[in-house]
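Thanks for coming, everyone. Please bring up the sequence and the structure, and we will walk through them together.

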Amino acid sequence: MRLRYLSLALLALPVAAFSAEPVEKQNVVSFSVDVEKEISHDLLKASLFTQIEKKDLVTANNEVSNNINRAFDILKAYPDVILRDNSRSSQVRYDDKGKQNGWIARGQIVLQSENPDSLSKVINVLNGILAIDYMDSQVSSAAISQVEDEMIQQALERLAHKAKLIQQSLGAKGYKIVDLNIRTPMEGGYVVGRPYVAMAKMASPTTSDVQLNNGKANIHTSIEAKIQLIQE
């Protein structure tokens with residue numbers, strides 16, 4: 001009788017407790033691979049400005065316009081230096097007692113070039129007309145595109161090697177890829193700058209000439225994969 005009662009009790013248990021995991025979810029292993037490459041910045045930017053303080057706003061704006069127009073005339077001799085931005089602004093100037101005593105007018109331009117020598121020359125020629133606000137460098141989309149296919153190929157080879165290693169280590173007869181997600185260098189967050197690399201420096205303590213240097217960046221390609229191990 002005890003065996004009969006035990007049999008009935010087993011039959012009363014939920015079927016899910018005895019159901020096997022779906023075949024498509026068995027022996028699935030998730031892993032990722034990453035390929036990194038250091039590449040030189042090939043796109044240089046410089047922000048330059050002129051700032052004039054006068055009691056009369058019109059006079060201040062006119063002087064700013066004259067300086068900016070002089071800069072535009074100089075830029076005509078450097079076709080590989082591109083004007084990316086041109087902005088003007090003005091604000092009230094106050095004395096130490098908080099009373100208005102004039103105006104501050106400001107003009108700013110942003111220059112961009114793939115030729116560091118040309119951009120350096122422009123900045124040095126503009127010395128005395130415009131002042132340097134900041135300088136920056138980055139990797140252009142064109143430069144990333146040149147190495148993107150190579151990096152994806154390297155990542156796929158690394159993926160195949162790792163999948164084979166997992167298969168052999170776990171004693172499987174083979175594997176098949178069930179999911180693949182590739183993130184390329186062109187996607188956001190996959191270009192990491194190297195801020196400690198100087199992008200602009202003084203040529204020597206005795207000269208005001210500026211020499212631009214390309215920085216470095218690390219670009220990444222990663223692949224997230226799921227493979228199913230084949231046991232039979």
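First, a term we need. Helices and strands here are DSSP runs, numbered from the N terminus; a helix has at least four residues and a strand at least two.

One caution before we go on. This is a predicted model. The mean pLDDT of the chain is 81. Of its residues, 77% reach 70 or more. Which elements mark the two ends of the range? Among the elements, helix H2, residues 57-75, has the highest mean pLDDT, at 96. Strand S8, residues 200-202, has the lowest, at 36. Over residues 1-21 the pLDDT is below 50, and this stretch has three contacts in the model beyond near neighbours in sequence. Residues 192-207 also stay under 50. For them the model has 32 contacts beyond four places in sequence.

Now the overall layout. The chain has four helices and 10 strands. From the N terminus on, the order is α-β-β-α-β-β-α-β-α-β-β-β-β-β. Follow that along on your screen. There are 232 residues, and 34% of them count as buried. Take contacts between residues at least 6 apart in sequence: 79% of these join residues at least 24 apart.

Is His220 buried or exposed? His220 has a relative accessible area of 16%, so it is buried, as the cut-off is under 20%. Its side chain makes a polar contact with the side chain of Asp34, at 3.2 Å. Ser222 is buried as well, because its relative accessibility is 8%. Now look from Ser222 to Pro185. They are 37 residues apart along the chain, and their C-alpha atoms are separated by 8.7 Å.

Next, helix H3, residues 116-125. Its buried residues are Pro116, Ser118, Leu119, Ser120, Val122 and Ile123. Look at the start of H3, too. There, a side-chain oxygen of Asn115 reaches to within 3.0 Å of the backbone nitrogen of Asp117.

Let's turn to the surface. Ile177, Leu180 and Ile182 form a nonpolar patch there. Together they have about 230 Å² of accessible area. Ile182 lies in strand S6, residues 174-183. With a relative accessible area of 30%, Ile182 is partly exposed.

Last topic: salt bridges. How many does the structure hold? It holds four. I'll show you some of them. Arg93 and Glu53 meet through their side chains at 3.4 Å, N to O. This pair links distant parts of the chain, 40 residues apart. Arg93 is in strand S3, residues 82-94, and Glu53 is in strand S2, residues 43-54. Glu53 is partly exposed, at 41% relative accessibility.

Another salt bridge joins the side chains of Lys54 and Glu63, again at 3.4 Å, N to O. Lys54 is partly exposed at 30%, and Glu63 is partly exposed at 28%.

Then come Asp73 and Lys76, whose side chains form a salt bridge at 3.5 Å, N to O. Here the partners fall into two classes. Asp73 is partly exposed, at 47%. Lys76 is exposed, because its relative accessible area is 66% and the cut-off for exposed is over 50%.

That's my tour. Over to you for questions.

Definitions and conventions. Residues numbered from 1 in each chain as written. Predicted model: local features only at pLDDT ≥ 70, side-chain atom pairs only at ≥ 80, totals over all residues. Heavy atoms only, no water. pLDDT = per-residue confidence, 0-100. Contact = heavy atoms within 4.5 Å. Buried < 20%, exposed > 50% of the residue type's maximum accessible area, 1.4 Å probe, protein only. Polar contact = N/O pair within 3.5 Å; in protein donor to acceptor, adjacent residues only side chain to side chain. Patch = residues over 30% accessible without salt bridge, like charges linked within 9 Å, V, L, I, M, F, W, Y side chains within 5 Å. Areas by Shrake-Rupley, 256 points an atom, 1.4 Å probe, with all protein chains shown as cover.
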